[in-house]
Amino acid sequence: MKNYFRERLSVLREPDPFHKYGIFPPVVGSLLVVNIFMYLVEIWIPDIVSPLSLHSAPDGVLSTFWQLNTSMFLHQSIWHLIGNMIPLYAFGIELENHLGSRRTLLLYWLSGIAGGVVFLAFHMVVNPGVD
């Protein structure tokens, strides 16, 4: 009987083979740091938000080409940041363990670009010609 429990408890001490990166995989950890850093920059230098935010010009094209990339790291409030970072951490660990670091980063980037495109499309339909 003693060996039965010892065998069952030994499973708890063994490392989980599905979590090769531990609690902070490289991409997820880096994205968390970059998003938190950018939020602090937004607080310290409020004038930087407008050039990095996603704005559409009256004709529906981007004002600057980098806004699709930079806007995915901007957050309007601490609750917006927390509401995005908790799912990034919770799901990102599993994604990075399953997909690998490069594919996880590519998925994050493509999702951010897709979100920006949907925002611009919605903006052009709801508020045409207004920035």
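Which residue takes a positive phi just after helix 5? Gly100 does, at about 95°. The legends below describe a predicted model, in which local features need pLDDT of at least 70, side-chain atom pairs count only at pLDDT 80 or more, and totals for chains, interfaces and linings use all residues. Residues are numbered from 1 along each chain as its sequence is written, and side-chain values use heavy atoms, with hydrogens and water left out.

**View 1. Asn35 in helix 2.** Asn35 sits in helix 2 (residues 26-44). Helices are DSSP runs of H or I, at least four residues, numbered from the N terminus. Asn35 counts as buried because its relative accessibility is 0% (buried: under 20% relative accessible area, 1.4 Å probe, protein chains only).

**View 2. Surroundings of Asn35.** Beyond neighbours within four places in sequence, Asn35 contacts Met72, Phe73, His75, Leu81, Met85, Leu88 and Tyr108 (contact: heavy atoms within 4.5 Å). The side chains of Asn35 and Tyr108 make a polar contact at 3.2 Å. Such a contact is a pair of N or O atoms within 3.5 Å; within protein, one must be able to donate a hydrogen and the other to accept it, and residues adjacent in sequence count only if both atoms are side-chain atoms. Asn84 lies 49 residues from Asn35 in sequence, with 9.4 Å between their C-alpha atoms.

**View 3. Helix 5 and its kink.** Helix 5 (residues 78-99) kinks by about 35°, centred on Gly92 (bend: the angle between axes fitted to the seven residues ending there and the seven starting there).

**View 4. Buried side of helix 5.** Leu81, Met85, Leu88, Gly92, Ile93, Glu96 and Asn97 are the buried residues of helix 5. These pack against helix 2 and helix 6 (101-126).

Terms used:
Helices (H or I, at least four residues) and strands (E, at least two) are DSSP runs, numbered from the N terminus. Buried means under 20% relative accessible area, exposed over 50%, partly exposed in between (1.4 Å probe, protein chains only).
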